[in-house]
Each structure stands twice: as C-alpha cells, then as structure tokens.
Amino acid sequence: MTMISIYDVDRTLTRLPTYSAFLLFAARRARPWRLGLIPLIAPWAVAYAFGLISRKRMKEVMHGHMLGHGLPRATAERLAGLFADRIFASGLYDEGGARIRADHEAGRRVILATAAPSLYIDRLAAHLSVDDVVATGGTWLDDRLTSRIAGENCYGAAKQRMIADHLARRGITRGDAHIRFYSDHASDLPSFEWADEPVAVNPSPKLRRIAAERGWPILDWAAGGDTGANRAITTGRR
C-alpha cells in the first residue's frame with residue numbers, strides 16, 4: 001500500500017492566493033509599464049463572473065496583460081524562483097510545513113496539487129522537499145513563456161483527473177494507495193470524495209458546512225487551531 005498525502009497550495013499551505021500576486025511581482029520587475037494595463041482586465045473579469053469565459057481563459061487574459069505573450073525563459077525562471085523564495089520565507093502556514101515534514105517522516109509520498117502555475121510551484125516544492133507536483137502548465141514558444149495554459153487548468157474536477165493521471169504515470173494504482181487530501185475550498189470536492197481521508201484546511205464557509213456534515217476533520221491553521229487533527233493523522237479513515 002502506497003501512503004500518499006496530497007496538498008492544495010493556495011490558502012491551504014499559503015496564507016494568501018498566489019497567482020495574481022505572482023503576476024504583480026513579475027510585472028513590477030520585468031515589465032512595469034504593463035501595470036498600466038490592469039484596468040483593461042476588468043471587462044474580462046465581468047465576463048468571467050457571468051460565466052461567459054472559463055477560469056482557464058481568465059487566467060490567460062491576466063497573464064497576457066501583465067506579462068505579455070513572450071517572456072524569455074531565463075527571466076521567467078528567475079522571477080519564479082524569487083517569488084517561490086518569498087513564499088517559503090514568509091507566506092506559508094507553519095503548521096502546513098510541519099505536517100508535510102511529519103508525512104515525510106511517516107514514509108508518506110507527498111504531492112502538491114494546485115491550480116497555480118508549475119513555473120513557481122515546482123520551486124516551492126523543492127523548498128518543501130516535495131518531489132511530486134500536479135499543477136497548471138505553461139506553454140513555451142521559441143524559449144519564451146506565452147500566456148497560454150498547457151492542457152487543463154488544474155482546478156475542480158480537472159485537478160482530480162490530473163492527480164489520477166500523475167499517479168498512473170508513476171505506476172501507482174488507486175486500489176494500491178491510501179490517499180489523504182488537504183484543501184481549503186469546495187471546488188476540490190471531486191478530489192475530497194476520491195480520497196480515502198479528506199481533510200478540510202482553513203475551509204471556506206461552504207467547505208466547512210460540507211466537512212461538518214460528513215464528519216471530515218477540520219484544521220484551522222489560519223485561526224491557530226486543529227479541530228479533528230488527531231483523527232486525521234491517526235485513523236486513515238473517512
């Protein structure tokens with residue numbers, strides 16, 4: 001039996017969402033004039049709010065306005081590394097890092113699964129000594145980072161499919177794995193229901209209601225408490 005712990009990143013391990021923060025961080029350093037284009041994103045945000053464009057398309061629009069469509073690889077990778085350094089230094093919940101270390105010590109395989117870009121999540125994973133990452137991919141053209149997302153945005157049901165594909169590529173079958181899944185948001189319900197041991201971390205109001213109804217452990221790292229934490233670690237059951 002392969003013991004696996006899967007962590008969402010934004011608002012689960014990190015105190016704040018990271019995607020917009022990364023775009024701002026990178027634009028200020030690489031293309032500061034593009035900050036003046038931020039108001040042009042507003043109509044697209046309205047279209048997204050009304051369901052006229054997908055979350056994936058919204059993210060591509062944000063990237064295109066703030067970083068353009070051809071950021072050189074060396075620049076993109078340097079900025080991603082600096083941003084990951086910043087998150088690791090001051091943007092993580094201490095409890096999350098401690099739990100990842102405990103999972104490692106218990107012999108569990110740890111995976112970060114997030115809608116955030118693999119560009120900087122790969123580097124954050126290295127800081128956390130995590131080898132497995134399932135994240136939203138970018139598209140490169142002539143060694144330049146475009147605004148296009150490669151494949152699916154790793155969100156909702158797509159995240160669960162991408163995790164399953166990741167395990168299959170590594171020769172791990174679902175029946176031979178015990179999966180503990182941590183996240184803060186109800187959009188991850190497909191992954192929660194697919195896991196053996198769902199754990200709600202800093203849950204949104206909707207997820208908190210679902211977790212309470214289903215008897216899932218709730219970890220309130222944002223509030224400094226771990227309701228049901230021991231059961232999450234010791235039982236391995238729903």
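**Aromatic pairs, cores and sheet of the predicted model**

By the rule applied here, the count comes to 7 aromatic pairs; rings of Phe, Tyr and Trp (its six-membered ring) pair if their centres lie within 6.5 Å, and planes under 30 degrees apart count as stacked, over 60 as edge-to-face and the rest as tilted. The structure is a predicted model, in which local features need pLDDT of at least 70 and side-chain atom pairs count only at pLDDT 80 or more, while totals for chains, interfaces and linings use all residues. Residues are numbered from 1 along each chain as its sequence is written, and side-chain values use heavy atoms, with hydrogens and water left out.

Phe-22 and Phe-83 form an edge-to-face pair, with 5.3 Å from centre to centre and 65° between the planes. This pair links distant parts of the chain, since Phe-22 belongs to helix 1 and Phe-83 to helix 4, 61 residues apart. Helices (H or I, at least four residues) and strands (E, at least two) are DSSP runs, numbered from the N terminus. Phe-22 is buried, with a relative accessible area of 4%, and Phe-83 also counts as buried, at 5% relative accessibility. Here buried means under 20% relative accessible area, exposed over 50% and partly exposed in between (1.4 Å probe, protein chains only). The rings of Phe-22 and Tyr-120 have centres 4.9 Å apart and planes at 40°, so this pair is tilted. It joins Phe-22 in helix 1 to Tyr-120 in helix 6, 98 residues apart. Tyr-120 is buried at 0% relative accessibility. Ring pairs link Phe-22, Phe-25, Phe-83 and Tyr-120 into a cluster.

Charged groups are placed over two rings of the model. The charged end of Arg-29 sits over the ring of Phe-25, 3.8 Å from its centre, and that of Arg-73 sits over the ring of Trp-140, 3.9 Å from its centre. The criterion is that NZ of Lys or CZ of Arg is within 6 Å of the ring centre and within 35 degrees of the ring normal.

The largest nonpolar core has 42 residues, and those with the most contacts inside it are Phe-22, Leu-112, Tyr-120 and Leu-124. Helix 1 (19–30), helix 3 (55–67), helix 4 (73–90), strand 3 (109–117), helix 6 (118–127) and strand 7 (197–201) each supply at least two residues of this core. A second, separate core of 24 residues includes Ile-111, Ala-186, Trp-216 and Ile-218. A nonpolar core is a set of buried Ala, Val, Leu, Ile, Met, Phe, Trp, Tyr and Cys residues joined through side-chain atoms within 4.5 Å.

Leaving aside neighbours within four places in sequence, Tyr-120 is in contact (heavy atoms within 4.5 Å) with Thr-18, Tyr-19, Phe-22, Ala-80, Phe-83 and Ala-84. In helix 6, the buried residues are Leu-119, Tyr-120, Ile-121, Leu-124 and Ala-125. Their cover includes helix 1, helix 4, strand 3, strand 4 and strand 5 (144–150). Just after helix 6, Ser-129 takes a positive phi of about 60°.

The 8 strands form an open sheet in the order 2-5-4-3-1-6-7-8, with mixed pairing. Strand 2 (71–72) and strand 8 (218–219) stand at the edges, each with a single partner strand, so one side of each is left without a neighbour in the sheet. Two strands pair if DSSP finds at least two bridges between them. Strand 1 (residues 2–7) runs parallel to strand 6 (residues 177–183) and is joined to it by 6 bridges; Ile-4 stands opposite Ile-179 in strand 6. Strand 1 is also joined to strand 3 by 4 bridges, again in parallel, and Ile-6 stands opposite Ile-111 in strand 3. Strand 3 and strand 4 (residues 132–141) run parallel with 5 bridges between them, and Asp-132 in strand 4 is the bridge partner of Ile-111.

The 13 residues of helix 7 (residues 157–169) should span 18 Å at 1.5 Å a residue, which agrees with the 19 Å between its end C-alpha atoms; the expected span is 1.5 Å times one less than the number of residues. Its buried residues are Ala-158, Lys-159, Gln-160, Met-162, Ile-163, His-166 and Leu-167, and they pack against strand 1, strand 3, strand 4, strand 6 and helix 8. Just after helix 7, Gly-171 takes a positive phi of about 75°. Leu-189 lies in helix 8 (residues 189–194) and touches Ile-210, Arg-214 and Trp-216, not counting residues up to four places away in sequence.
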